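I am opening a notebook on a structure that is new to me.

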Amino acid sequence: MKKTDLLPAAHLGLILLLAASPYSSALPTLPSGKENPLPLLYPELESLPAPPWVVEGLRATYYATVDGGTTAGKSSAGEALIQIDLVALEGRSAATSTSVYLRGPLGSLRPLTGAGHGAIVPAGLGDFWASPEVLAEGTEGADDRVTIIRGPVEVAGKNYQGIRFEVTHQGLRYSMTYDEETGLLLHHRYDILSADGSAVETGIIDFRKLRQLVIPWAGGSSPGWLFPGLTMTYRGQTVFEIPGTAPSPFALTLTAEVVSKGAKSSIVRWSAVGDSGLLIPARSAAGVSQLMGFWLPDAALAIDDGGNVDSDPDTGMMITVIQNDQNGVVFEETNGQDYRRLLTYDKATGKLVTSYEEQLTEAMTGTVQKTWLELAI
């Protein structure tokens with residue numbers, strides 16, 4: 001496989017954040033966060049079980065490029081890695097959590113704050129898979145709804161027999177290519193169309209790897225204190241520290257509203273208010289087979305401290321439990337260079353009580369951004 005360098009592109013954050021907006025969608029999501037139109041063609045996808053290889057703790061990694069056109073003479077193209085975790089599987093539904101990674105000033109990958117999203121999707125049609133038995137029904141050809149093409153596909157150095165669906169729906173043109181045998185999503189492209197039918201934004205997402213996370217606890221369920229409509233408020237500040245100057249703090253309030261709760265998962269709608277006003281809301285998913293989520297299941301509260309939990313070979317991100325005592329369970333996530341995040345969970349309930357994120361924003365000046373939030377009592 002050819003190695004591709006990921007470029008730092010701050011403007012890509014807004015593009016991906018706007019792309020990842022399944023807030024009122026009744027359709028499942030794709031790695032880009034766009035709606036997947038296949039249930040409009042095959043409604044049975046929403047009632048089928050997941051393929052046998054789709055299990056909790058599975059992580060799919062995709063390479064993405066986004067071209068948002070040209071504004072003021074500057075191209076808004078950028079590159080990223082997208083990772084989707086299957087954090088819970090409950091009968092005919094699945095909870096997925098998606099993160100977006102860009103390179104920081106020192107060249108290391110790190111998560112793009114606010115660009116991730118979460119969703120509850122049908123087990124038969126997730127962010128990176130589809131039921132093979134439905135794919136087998138697709139007949140090559142074209143009509144006014146869809147074009148279907150079958151043929152060999154090479155992705156990430158491996159050959160597949162693919163089936164491609166091309167659909168135009170609500171101002172977007174989609175192309176999704178799946179592996180016929182397993183239902184794995186191999187390639188996804190979307191074009192946002194203008195009134196004249198031309199593309200004003202194009203996203204191309206290609207499969208790279210599947211990896212099974214080793215979750216250091218087994219089983220568990222969503223906490224009893226969760227319920228739809230529950231609202232939790234986090235207050236704190238963001239500080240920009242520039243060597244030789246006084247710190248510049250900005251107040252920040254983050255509100256988490258529980259949208260849904262299952263036996264093993266939940267969806268939370270986040271909204272933030274800062275000195276710059278209301279920020280774009282986002283949704284996150286939490287589940288029993290997840291690291292660095294909104295809550296911990298009871299089974300995770302006894303985890304040992306001082307041990308490495310996970311090291312991702314694609315992003316370089318490392319997760320460690322650095323504390324587990326009466327003051328809480330603290331997870332650290334870092335790339336070892338220019339990004340660090342600490343999440344502290346209440347020892348008794350598994351609630352997320354504090355969040356701290358530190359990242360280098362400019363190498364030349366040594367500017368560091370630090371964001372600290374605490375659950376308001």
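**Entry 1: Starting from T202**

I looked up T202 and found that T202 touches T65, V66, D67, R189, Y190 and D191, leaving out residues up to four places away in sequence. Contact here means heavy atoms within 4.5 Å. The model is predicted: local features need pLDDT of at least 70, side-chain atom pairs count only at pLDDT 80 or more, and totals for chains, interfaces and linings use all residues. Residues are numbered from 1 along each chain as its sequence is written, and side-chain values use heavy atoms, with hydrogens and water left out.

T202 is found in strand β11. I take helices (H or I, at least four residues) and strands (E, at least two) as DSSP runs, numbered from the N terminus. Is T202 buried or exposed? T202 is buried, at a relative accessible area of 15%. Buried means under 20% relative accessible area, exposed over 50%, and partly exposed in between (1.4 Å probe, protein chains only). I also checked T202 against D67: they are 135 residues apart in sequence, yet 5.2 Å apart in space, C-alpha to C-alpha.

**Entry 2: The whole chain**

I counted 3 helices and 22 strands in the chain. Of its 377 residues, 50% are buried. Among contacts between residues at least 6 apart in sequence, 53% join residues at least 24 apart. The chain exposes about 16400 Å², and carbon and sulfur atoms supply 54% of that area. Accessible areas come from the Shrake-Rupley method with a 1.4 Å probe; for residues, only the protein chains shown count as cover.

**Entry 3: Aromatic pairs**

Next I looked for ring pairs. Rings of Phe, Tyr and Trp (its six-membered ring) pair if their centres lie within 6.5 Å; planes under 30 degrees apart count as stacked, over 60 as edge-to-face, and the rest as tilted. The count comes to 11 aromatic pairs. The ring centres of Y42 and F165 are 6.1 Å apart and their planes stand at 75°, so this pair is edge-to-face. Y42 lies in the loop between α2 (38-41) and β1 (58-71), and F165 lies in strand β8 (residues 158-169), so the pair ties together parts that are 123 residues apart in sequence. Both Y42 and F165 are buried.

I then turned to Y62 and F207. This aromatic pair is edge-to-face, with 5.7 Å centre to centre and 70° between the planes. Y62 sits in strand β1 and F207 in strand β11 (residues 199-212), 145 residues apart. Y62 is buried at 0% relative accessible area. F207 also counts as buried, at 6%.

I noted one aromatic cluster formed by W225, Y234, W270 and F294. The charged end of K351 sits over the ring of W225, 5.2 Å from its centre. Likewise, the charged end of K34 sits over the ring of Y190, 4.9 Å from its centre. The rule for such a charge is NZ of Lys or CZ of Arg within 6 Å of the ring centre and within 35 degrees of the ring normal.

**Entry 4: The cores**

Which residues have the most contacts inside the largest nonpolar core? They are L38, Y62, F128, W129, F165, M176 and Y178, in a core of 47 residues. Its largest share, 5 residues, comes from β1. A nonpolar core is a set of buried Ala, Val, Leu, Ile, Met, Phe, Trp, Tyr and Cys residues joined through side-chain atoms within 4.5 Å. Leaving aside neighbours within four places in sequence, I listed the contacts of Y62, including P31, A80, F128, L184 and F207. Another core lies apart, with 35 residues, among them W217, V258, V268 and Y345.

**Entry 5: Hairpins and turns**

I finished with strand pairing, which needs at least two DSSP bridges between two strands. Strand β20 (residues 339-345) and strand β21 (residues 352-362) pair in the antiparallel sense over 7 bridges. Y345 has L352 in β21 as its bridge partner. These strands, β20 and β21, form a hairpin with 6 residues between them, and G350 in the turn has a positive phi of about 80°.

Strand β21 also runs antiparallel to strand β22 (residues 367-375), joined by 8 bridges. T354 stands opposite E374 in β22. The hairpin of β21 and β22 has 4 residues between the strands, and G366 in its turn has a positive phi of about 75°.
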